[in-house]
Amino acid sequence: MDSQRRMRSNVVSVGTHPGDDISPELDRLIKQRGRDLRVRKVDQQNAVKIVNHLIESLLEFLKNNEDQPFFREVSVLTSGSYYEMVKINKPNEFDIMLKLKVPRLEMSELEEYQGLFYNLKLLKGTREEIKHFLLEDERTVSATKIKAEMHRLVRKFISTHFKGQGWVICRKQLNSPAVTLEFNNKEKEDEIMSVDIVPTLEVPQGWPQAARAGPNINNWLGKKCRRQFVSKAVYFVPKRPKGRNLKDDAKESWRISFSHIEKEMMQYHGHNKTCCESFSNKCCRKRCLQLLKCLIEGLKQRYPKELEPLCSYHGKTAFLHVLSDRVQDSLWSPAQLSVSFMKLFGYFERRALDGSLPHFFIRQHNLFSPPAFPKRALAFLTNVLKEQRELGLPVLKVPSPSAALVPDTDALIHPNPVNGTDSIVAYECSFRYVYIYIGLVVVIVCVGIGCAFKKKIL
Ligand SMILES: [Zn+2]
């Protein structure tokens, strides 16, 4: 608290309209954090190899499994932050969606959730393998049954194919659609990673009514792009709404997922198709999202209880809204990083203040509405964001315990004390510098001795 008060006395005004008035300190801080994020990608490569091996083996296992033919036809739907390269403080967290094919379905919206949660029913009775995952009415596809089977199959897979190799299955969580696996490498403690495996239904028909209008991207990516998106399949994951005393249909509900389209929008994010294709037309859009996610994760680490309902999807949603409004690529040039980020931050803060953050695809669904986002948590978030803005975003400021060891140059990573992975990376980096110094000294001494010997011999 004291340190916060101290900071308050050094308040750097950024004005009431963030983005219009950015102090040099804040500008430096944003750019510094942006640079830190760039370096981390390198550390992912080993984790990616291990996870790829795991998933390839799992697919092979499912394709050949004797006990559940419905899971034989799975394939991977690439999605999640790893593939978008915007995973922040935990670079070793992976989301893998496993696509399961289903016949045509009737999608009925759960009224109180404005188009986000659905019951899925077969149009007619079936003898296909999906019949093992229906409720008593022999039509409704059971989210709990599919989730439980996914869990059982993954458990069997690990115990038969990866036993004793460091993978552990986490306990089932009621509100999560995923089977979570964790990997602990005893020899290399920094190689801790987790993989969320999510069974996903691919529904071969048009989008449900609530999403029919499609995302608001006409000015940004164009009408043609919007039409292409809307013609794609729609996906559902076995996720129930938050809250107690759910009705029976809510317990068996599916949440609609647009992560395949979000991924595409992240990849081809420019107003001009050529954005980020080469060094000369780089933009800072992805970096802005990374910074916002960083801020959200930092706040959640500080206030885990108060900000429990907040998640990175809120940040991503705000980001997509800003992108669809601030369309010109020139506004997002790398030099505009601080201005662009503060525009995004300002938008996020205003949405929290208004208590309204529409889902990007299902606009009538407000992600800041209770019970998913209780009023008390929203009020807390609003205050915290205001405080962050007034204090010059201290949550992005991370004290560097290794600063004494390393020269203060921009290229170094500043560790995040609340995150183990980053700290390890940073220490490694700073020790690397110490080694370079020692190496240089040794070389100079050797050369010196060599010269002295030469002189003697001559
Ligand atoms: Zn770009």
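User: Where's Glu73 in this thing?
Analyst: In this predicted model, Glu73 is in the loop between helix H3 (45-64) and strand S1 (75-77).

User: Buried or exposed?
Analyst: Glu73 is exposed, because its relative accessible area is 61%, and the cut-off for exposed is over 50%.

User: How far is Glu73 from Leu62?
Analyst: Their C-alpha atoms are separated by 7.9 Å, and the two residues are 11 apart along the chain.

User: OK, and which residues of H3 are buried?
Analyst: Leu62 is one of them.

User: What length does H3 reach from end to end?
Analyst: From its first C-alpha to its last, H3 reaches 29 Å with 20 residues. That's close to the 28 Å expected at 1.5 Å a residue.

User: Switching topic: which residues hold the zinc ion?
Analyst: The protein donors are His269 through NE2, plus Cys275, Cys276 and Cys283, each through SG. They lie 2.1 to 2.3 Å from the zinc ion.

User: What's the geometry of the zinc site?
Analyst: The site is tetrahedral, with angles of 101 to 125° among the 4 donor atoms.

User: How are the donor residues spaced in sequence?
Analyst: The pattern is H-x5-C-C-x6-C.

User: Is His269 buried or exposed?
Analyst: His269 counts as buried, because its relative accessibility is 5% and the cut-off for buried is under 20%. Cys275 is buried too, at 11%.

User: What about Cys276?
Analyst: Cys276 is partly exposed, with a relative accessible area of 22%.

User: Now helix H9. What's its span?
Analyst: H9 covers residues 285-302, which makes 18 residues. They should span 26 Å at 1.5 Å a residue, and the end C-alpha atoms are 26 Å apart, so the two agree.

User: Which residues of H9 are buried?
Analyst: Among them are Arg285, Cys288, Leu289, Gln290, Lys293, Gly298 and Leu299. Cys294 is also on that list, with a relative accessibility of 3%.

User: Let's do strands. Which sides of S8 are covered?
Analyst: Both faces of S8 (residues 234-237) are covered. Val234 and Phe236 are buried on one side, and Tyr235 and Val237 are buried on the other.

User: What does S8 pair with?
Analyst: Strand S7 (residues 192-203) joins S8 through 3 bridges, running antiparallel. Strand S9 (residues 254-257) also pairs with S8 in the antiparallel sense, over 3 bridges.

User: Which residues are partners in those pairs?
Analyst: Leu201 has Phe236 in S8 as its bridge partner. Val237 has Arg255 in S9 as its bridge partner.

User: What's the phi of Asn245?
Analyst: Phi of Asn245 is near 50°, a positive value in a residue other than glycine. Most residues other than glycine have a negative phi.

User: Where does Gln114 sit, and what is its phi?
Analyst: Gln114 is in the loop between strand S3 (105-109) and strand S4 (117-122). Its phi is positive, about 40°, although it is not a glycine. Gln114 counts as partly exposed, at 29% relative accessibility.

User: What does the side chain of Ser176 reach?
Analyst: The Ser176 side chain reaches the backbone nitrogen of Ala178 at 3.1 Å. Ser176 is in the loop between strand S5 (167-169) and strand S6 (179-184), and counts as buried at 17% relative accessibility.

User: What comes just after H12?
Analyst: Gly392 does, and it takes a positive phi of about 80°.

Technical notes:
Residues numbered from 1 in each chain as written. Predicted model: local features only at pLDDT ≥ 70, side-chain atom pairs only at ≥ 80, totals over all residues. Heavy atoms only, no water. Buried < 20%, exposed > 50% of the residue type's maximum accessible area, 1.4 Å probe, protein only. Helix = DSSP H or I, 4+ residues; strand = E, 2+ residues; numbered from the N terminus. Expected span 1.5 Å × (residues − 1). Donors = N, O, S within 2.8 Å, 3.2 Å for Na, K, Ca; no water. Tetrahedral: all angles 85-135°; square planar, octahedral: opposite > 155°, others 65-115°. Pairing = 2+ DSSP bridges. Polar contact = N/O pair within 3.5 Å; in protein donor to acceptor, adjacent residues only side chain to side chain.
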